[in-house]
Amino acid sequence: MRIKIKLQSKASAYFYTTYKSKEKKPGKLSFRKYDPITRKHELFEESKIK
């Protein structure tokens, strides 16, 4: 089963949305992705979609 998640930037309020498999990745995801607000690659961590 795939669920929709939000990847929230640690440096600003920018976020990406994506899907992940709960069976293959049971923990929280974290990626270094581009943040257009700070114009740098920043750490993005998984958070709940409200």
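## Lys 6, a buried charge

Lys 6 sits in strand β1 of this predicted model. The residue is buried, yet takes part in no salt bridge. Its nearest side chain of opposite charge belongs to Glu 46, and that one is 12 Å away.

What does Lys 6 touch, once neighbours within four places in sequence are set aside? Its contacts are Phe 15, Tyr 16 and Thr 17, along with Glu 45, Glu 46, Ser 47, Lys 48 and Ile 49.

Now for the wider setting. Four strands form an open sheet in the order β2-β1-β4-β3, and their pairing is antiparallel. The edges are taken by β2 (15–21) and β3 (30–35); each has a single partner strand, so one side of each has no neighbour in the sheet. From one strand to the next, the twist averages 40 degrees.

Strand β1 (residues 2–9) is joined to β4 (residues 40–47) by four bridges, the two running antiparallel. Within β4, Glu 46 stands opposite Leu 7. The antiparallel pairing of β1 with β2 extends over seven bridges, and here Ile 5 has Thr 18 of β2 as its bridge partner. A hairpin of five residues leads from β1 to β2.

## Two salt bridges

How many salt bridges does the model contain? The count comes to two. One of them brings together the side chains of Glu 45 and Lys 10, at 3.1 Å from N to O. Because Glu 45 belongs to strand β4 and Lys 10 to the loop between β1 and β2, this pair ties together parts that are 35 residues apart in sequence. Glu 45 is partly exposed, with a relative accessibility of 31%, whereas Lys 10 is exposed at 56%.

Glu 46 and Lys 20 also meet through their side chains in a salt bridge, with an N to O distance of 3.1 Å. Glu 46 lies in β4 and Lys 20 in β2, so parts 26 residues apart in sequence are tied together. Are these two residues buried or exposed? Glu 46 counts as buried at 15% relative accessibility, and Lys 20 is buried too, at 7%.

Key
Residues numbered from 1 in each chain as written. Predicted model: local features only at pLDDT ≥ 70, side-chain atom pairs only at ≥ 80, totals over all residues. Heavy atoms only, no water. Pairing = 2+ DSSP bridges. Axes fitted to C-alpha atoms, helices over the stretch in contact; angles between N-to-C directions. Buried < 20%, exposed > 50% of the residue type's maximum accessible area, 1.4 Å probe, protein only. Lys, Arg positive; Asp, Glu negative; His and termini not counted. Salt bridge = Lys/Arg side-chain N within 4 Å of Asp/Glu carboxyl O. Contact = heavy atoms within 4.5 Å.
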